[in-house]
Amino acid sequence: MNPSGFRFTRLTPALVVVGLVWIAGGMWLLAQEARSPAQPGGGHMAETSTPRAQPSELRLPMRSAGVAQPRVLTDEFDHHGDPVYAACSTCHATREANFKAGLDLLPTEFHQGLRYSHGELNCLSCHNADNYDTLRRADGRALDYQNVMALCSQCHGPQTRDYNHGSHGGMVGFWDRAKGERERNRCIDCHDVHAPAYPRVNPVFPPRDRGALEQLRREQAHSANPSSHRHD
Amino acid sequence: MIDRQNSSDSESSGVTRRTALKAVGATLGAAAFAKAISPLTEWAAHESIDDFLQKHYRELSPVDMAVVLERIAQDTREDYGAEVEVADHRPQPGVKLGYALNLSICVGCRRCAQACHVENNHDRPSGNSYIRVLEMEKGSLDMAKGNVNYDGPVPKPDKFYMPVQCQQCDHPPCVDVCPVEATWKEDDGIVVVDYNWCIGCRYCEAACPYHARRFNWTKPRIPAAEVNPHQSYLSNRIRPQGVMEKCTYCLHRTRDGRLPACLEACPTGARVFGNLLDPESEIRWVLAHKRVFVLKEELGTKPSFFYFFDE
């Protein structure tokens, strides 16, 4: 026996091998840990990116360019092959105005498929029978299509007031008007004029953070066994 | 049987049990030591000496700041492959930023949360966002009963929808509890975090009664093409792993006079943003004319975020 109490024996090589494997294993783990977070963020991202939202019929705030004069698609094509649009007055000039058309009497011959649900109004509450290329105010005066918000405002006072104070309707741009412009939606950017109730939509971007997943798990456990934590 | 064999072995070869155990112990010790120091190698791989020795945000001179901003842009280029511009947006004099949200017209579409995710360079896999939209029972304002996992179509007739984000409190409990002053309230009311000073203890997350703070459990993963290049030191620059983050009212936009991303994404106009110190501002009109309340008023946090209903 040598002074240290350690003798080179038959078992020693085996111990050394085991030891080396241990250390090598440790170093490998260490190297793995050092390497993995340093991977560039762009690596294997394709499959983990944000899922695209379901399309919904929601009208989103947009940088729109004014209300155009409405025109009606005809089934004619011009010599370029482009569809021909006609001004309202093109047809309405030759037709007798029907003051009953509206809630109970929807047009069947033209304007087919028009979804209409707007209170007790009928067509000529807003459309001007004297000039179909304009709108009609409650007092009978004509109103350009570009000023459609003045038409809506006649009935929807609170919404108009809130809109005028920036608390109704989407917008983009600057809050500090000294620094830049801001663009706002008009009534008809978001509301369908003929059926203005705001649509119900599917929400986008379901939460995936820990709190949300935890809550979901609890709810599922609860609905699987609703009496579990009430009667114990 | 084995015991007998071992003892006969050791008697004949001279290796005692003590010797064998010593060898095993020494090996385990070496492995444990290697494991124990492994965070050091990780740190070295991630953080430069400059990063480590950087001063607190409020002690950085303009020259220091320029160097720091350039280094952050450089790191983002290397780590994410994205060209970004990191600036340091400062509060504007005479401005206190405030937010109001109309619960009567919020439809719960969650587009604000999505816009926040994109604007603020949040980690993509975890779908992080500073905004949490709660589906609430009509007749109750108990946040704890709000459901975040709702599905469409919305709005449901017996529910209302309440997006909750940082309330930028005048008495922020999150700031009070920070042991290293890595978070504070700025002159325009925004509560910010110096991500380089934060030690990630998460006290502020626990202290916030609005559940508005988030922790970076991992290094954020964002494809290069999706990185928002318009960044600011105190807001949406890509955060390191292990630090806290929070809504800053998009200060990289709002301190330039622009509207926050969540407001621009709102399709109904439920959100109103502006300067609380300007009596002519739209948000002041809302505060004066609507039925306004703040969340958890009884806690005395004095939020700069207001909720209101139409009549």
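**View 1. Domain layout of chain B in the predicted model.** The centres of domain 1 of chain B and domain 2 of chain B, taken over C-alpha atoms, are separated by 59 Å. The domain assignment places domain 1 at residues 2-36 and domain 2 at residues 97-309. Chain B has a mean pLDDT of 92, with 94% of its residues at 70 or more. For the model, ipTM is 0.83 and pTM is 0.78. Where pLDDT is low, the predicted coordinates should not be read in detail.

**View 2. The largest nonpolar core, with B:Cys112, B:Cys116 and B:Cys262.** This core holds 61 residues. Which of them touch the most other members? They are B:Cys112, B:Cys116 and B:Cys262. Neighbours within four places in sequence left aside, B:Cys116 is in contact with B:Ser129, B:Tyr130 and B:Ile131, and also with B:Ala261 and B:Cys262. In soluble globular proteins, nonpolar side chains tend to be buried together.

**View 3. The hairpin of β1(A) and β2(A).** Strand β1 of chain A covers residues 71-77 and β2(A) covers residues 83-87. The two strands pair in the antiparallel sense, with 4 bridges. One of the residues involved is A:Leu73, whose bridge partner in β2(A) is A:Tyr85. Between the strands are 5 residues, and A:Gly81 in this hairpin takes a positive phi near 90°.

**View 4. Exposure of strand β2 of chain A.** Why does β2(A) lie largely in the open? Of its 5 residues, the number buried is 0, so the strand lies largely in the open.

Terms used. Residues are numbered from 1 along each chain as its sequence is written. Chains are lettered from A and ligands numbered from 1 in the order in which they are written. This is a predicted model: local features need pLDDT of at least 70, side-chain atom pairs count only at pLDDT 80 or more; totals for chains, interfaces and linings use all residues. A nonpolar core is a set of buried Ala, Val, Leu, Ile, Met, Phe, Trp, Tyr and Cys residues joined through C-beta atoms within 7 Å. A residue is buried if 20 or more other C-beta atoms lie within 10 Å of its own, exposed if 12 or fewer, and partly exposed in between; C-beta atoms are placed from the backbone. Two residues are in contact if their C-beta atoms, placed from the backbone, lie within 7 Å. Two strands pair if DSSP finds at least two bridges between them. Domain bounds come from an automatic or database domain assignment. pLDDT is the predictor's confidence in each residue, from 0 to 100.
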